[in-house]
Number of protein chains: 2
Amino acid sequence: MSSLEALKDRLAPVVDLWRIMRVLSWDQQTMMPAAGAGHRAEQMGTVQLLAHRLFVDDETGRLLEQATRETEGQDPDSDDVRLVAVVRRDYDKARRVPAELRAEMARAAAGARPVWVKAKADSDFAAFLPALERNVELRFRYIECFDDVDEPYDILLDDFEPQTSTAEVRETFEELKTHLVPLIADLRRDDVDDSFLGGDFPPAQQEALDKSVVELFGMRPDTWRLDPTVHPFASGAGVDDIRITTNYDPATMKSLFSTMHEYGHGLYNHQLPRELGRLPTGAPCSLGIHESQSRLWENMVGRSMPFWRFFYPRVQEAFPNLGEIDLDRFFAAINKVQPSLIRIKADEVTYGMHVILRFELEQDIVNRRVALRDLPEAWNAKMKEYLGLDVPDDAHGVLQDTHWAGGMIGYFPTYLLGTVMSVQIWEQATNDVADLEEQIERGQFGALREWLREHVHRQARKYSPQETLRRATGSAIDAKPYLAYLESKYRAGIAV
Amino acid sequence: MSSLEALKDRLAPVVDLWRIMRVLSWDQQTMMPAAGAGHRAEQMGTVQLLAHRLFVDDETGRLLEQATRETEGQDPDSDDVRLVAVVRRDYDKARRVPAELRAEMARAAAGARPVWVKAKADSDFAAFLPALERNVELRFRYIECFDDVDEPYDILLDDFEPQTSTAEVRETFEELKTHLVPLIADLRRDDVDDSFLGGDFPPAQQEALDKSVVELFGMRPDTWRLDPTVHPFASGAGVDDIRITTNYDPATMKSLFSTMHEYGHGLYNHQLPRELGRLPTGAPCSLGIHESQSRLWENMVGRSMPFWRFFYPRVQEAFPNLGEIDLDRFFAAINKVQPSLIRIKADEVTYGMHVILRFELEQDIVNRRVALRDLPEAWNAKMKEYLGLDVPDDAHGVLQDTHWAGGMIGYFPTYLLGTVMSVQIWEQATNDVADLEEQIERGQFGALREWLREHVHRQARKYSPQETLRRATGSAIDAKPYLAYLESKYRAGIAV
């Protein structure tokens, strides 16, 4: 057996353990009796430790060296050459971080979550501060494991969006910010009536409707599940075991949009190439590319007029309270632009500023330009500056997201990177599939799925996010198509 | 740190991996999209291999030797002394079996299951024969890993009922057989009307009723789940994460009995001692002891008159089709004695002969007294001899159970051992808790739960099954109480 084959054999159980963690996490969030959390923390810790040990073992390094030699001179785009390159990068990163620091980061994050849940419920930032300080301190220690970087935030960002520098993100976000602030002032439509989106939306009908939309998109019950949960997410344990979740709020129909969002994540996981199944290259590319897929289905498809021309009668059938509301009014309401306090409820136009605010604060934290105890003040000042809003309490401000409680600093920018890329990818798809919008208006999604498989999903994790985007669209990340899309859709398109 | 503590630290992740296998298996049988089976097989194989490797490592042996010296002279019943003894036994067994043989046994079993499913559906034993031959051949190789045993079946039995010899089981079963065959002839009641147990039993009502009965017994939703599945089972990932399943057949109400059965398994898992949580001694004792708990709740409680005096009105409320049937008729019907072809549908009196038949055939297989191709004939001859029945086809005969397809030879006897022990344990409980039957008639189960915790569950896996039984009841396994129970309940007690 070649060293390359031996390397693959060595990596397969590591991939299995990653997938097992996803099943255990899905189970915890959807099925596990609440009191089981203590057992589950032990189980997750064990799987994580074993996966880490298997991967960072000297033997992995030895096989990697030999496999590098064995693949020298082969096609640089071949699966094997890319595997060796990707694993080399992962291995060098993983070897730098002591297992004890990794375990401590995981424990601190697990411990901080319930503290954050309570602090958010009480809107009490001071109660959360010590846990946050601990998480941030451990990130400083993590950063110290690496050298030779331009700025420390690069290290954290790389765990979520690999091979992407803070400087590159900053450039994109600066351009966005320059345009978004005046655009929001122009495009905000506080007078659009969306009152009918609140009311009586029985969860059973929402569930039936949400299932029908993802089945329409292409979800098949022998390979997918859709379950209720508190915070929607997408997970899975392989291309044939895809699990998405949503949340049914009986007072709104917003589960439909979060379900379409998670469908996009699920489809990416489902259409990853089988032949890379148990290899590290067979995983999704990055959180940004992942988000480009969810935002594409949620926004480019799910908030578009062609889709609603097809789908709105089904929604009216499910919810008689919308019977009197015509399509134009409904469409204007689901696309209402209005600055608001909560990121996950933001419309397409204002969404970006929520992410930019967090990205800026995270850099201030990592560069020690803001004391953690002053975060609420810094948050509120930016919210006033960017969206013109006064934050009434920290639950609606700095405490709203779970990421920092989970130690995830460097994650937020991927939401906006993905949103920007979703427009670039969508434009390429509409170029390549000439009648794509007409297909959607007829409720046909097969060509879109196949285009995404061929141009995005099948690359899996063989390349960097930017290279993946370039291969799909011919371009590097670019804020302009996104800004043009917002201009065109919201300035001209939405009737009030 | 002492070697004993180091040993415990080394064993905890092994226990975690065992529990993870149970979660993954539960998920596969209740939640997983069907097409995920391929991924799941890889994941299970990886967890099994890693658990095995961690456990059989030389380091475990070294710590075990040192821990043995450290605990010398301590109380022989202490948790630590028992831990060392139990792990020593497990370790010596595990070290004898090559990892490759273990993996091959698992693969062959996994491969045989779908073959069996199809063969059973087609009632085609010949189609199953090659898979069965492979499983049996691997058991012979497994047996060869051990020496110094009285008879080869001992080796297989020990994996399900440790420290219990074939000779001991044979003695108990011979006594049972001598009495059961004439007892069945005496007690059979073919004329009891149980036609009303078939009919229209909507699954939603069954589910509500089943949930109400296990909640009455003491199941709490923050630590337990009850889900539908094809073949009911009990599982879980720790005392605070208990999962039982049942099957809702819309034409009968039998899910209620299987739910009470699985509740007994679940309660055992739930009441294992927390202080032994992540140690091999913190697991259930054996399949026989486990079955004693399920049979106790299913039969001693769930087929008793005191229970039904309390519970029958609720059943009548749930199923109006029973409105005209009085308690005595209902009670006679659910306790109708009549020889039948299928083990899992057998009544209390005839059940034992189904197990004895399998135990005898398994010994014939292991001692090469029967060729596998002749198994159907041997099966049918015993069915005629013991229960007077002609087997119409192999689906209703030798192909009915999944155990042999899964390579589990030596498992069946634990069903009857558990049933026999359930009566011994029940009698001790009724001796110790003077008004137990009155409590049950009032719908109170707390004292029974606590008695079981104190006398059975808290011993966990510290002792052999027979020692566990002796500590609970003062006696070794004994067929007489079981036979006397059948005599007394069925000769005198059941009105027609």
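The side chains of A:Glu467 and A:Arg471 meet in a salt bridge, 2.7 Å from N to O. A salt bridge here is a side-chain nitrogen of Lys or Arg within 4 Å of a carboxyl oxygen of Asp or Glu. The model is predicted: local features need pLDDT of at least 70, side-chain atom pairs count only at pLDDT 80 or more, and totals for chains, interfaces and linings use all residues. Residues are numbered from 1 along each chain as its sequence is written, chains are lettered from A and ligands numbered from 1 in the order in which they are written, and side-chain values use heavy atoms, with hydrogens and water left out.

**Salt bridges within a chain**

- A:Glu467 and A:Arg471 both lie in helix 19 (residues 465–473) of chain A. They are 4 residues apart, about one turn of the helix. Helices (H or I, at least four residues) and strands (E, at least two) are DSSP runs, numbered from the N terminus.
- A:Arg471 counts as partly exposed, at 32% relative accessibility. Buried means under 20% relative accessible area, exposed over 50%, and partly exposed in between (1.4 Å probe, protein chains only).
- In chain B, B:Arg96 forms a salt bridge with B:Asp147, and the closest N and O atoms are 3.4 Å apart.
- B:Arg96 lies in helix 4 (residues 79–96) of chain B, and B:Asp147 in the loop between helix 6 (125–144) and helix 7 (153–158) of chain B, so the pair ties together parts that are 51 residues apart in sequence.
- B:Arg96 is partly exposed, at 37% relative accessibility.
- Salt bridges that share partners join A:Glu100, A:Glu104, A:Arg107, A:Arg134 and A:Glu137 into one network.

**A salt bridge between chains**

- Over all chains, the structure holds 102 salt bridges.
- B:Glu42 lies in helix 2 of chain B and A:Arg278 in the loop between helix 10 (255–270) and helix 11 (287–301) of chain A, so the pair joins two chains.
- The side chains of B:Glu42 and A:Arg278 meet in a salt bridge of 3.6 Å, N to O.
- B:Glu42 is partly exposed at 28% relative accessibility. A:Arg278 is partly exposed too, with a relative accessible area of 28%.

**The contact between chain B and chain A**

- Chain B gives 37 residues to the contact and chain A gives 37 residues. Contact means heavy atoms within 4.5 Å.
- The area buried between chain B and chain A is about 2800 Å². Carbon and sulfur atoms give 63% of that area. Buried area is the accessible area (1.4 Å probe) that two parts lose on being put together, summed over both.
- Between chain B and chain A there are 6 salt bridges.
- The count of residue pairs in polar contact between chain B and chain A is 18, with both residues at pLDDT 80 or more. A polar contact is a pair of N or O atoms within 3.5 Å; within protein, one must be able to donate a hydrogen and the other to accept it, and residues adjacent in sequence count only if both atoms are side-chain atoms.
- Helix 1 (3–30), helix 2 (37–56), strand 1 (224–228) and strand 3 (242–246) of chain B each supply at least two residues of the side of chain B that touches chain A.
- Helix 1 of chain B gives the largest share of that side, 10 residues.
- By class, the side of chain B that touches chain A has 19 nonpolar, 7 polar and 11 charged residues. Ala, Val, Leu, Ile, Met, Phe, Trp, Tyr, Cys and Pro count as nonpolar, Asp, Glu, Lys and Arg as charged, and the others, Gly among them, as polar.

**How the copies are related**

- The same surface serves both copies: 100% of the contact residues of chain B recur in chain A.

**Single residues**

- B:Lys462 is found in the loop between helix 18 (446–455) and helix 19 (465–473) of chain B. B:Lys462 is buried, with a relative accessible area of 9%.
- The side chains of B:Lys462 and B:Asp79 are joined by a polar contact of 2.8 Å.
- A:Arg102 lies in helix 5 (residues 99–122) of chain A and is partly exposed, at 30% relative accessibility.
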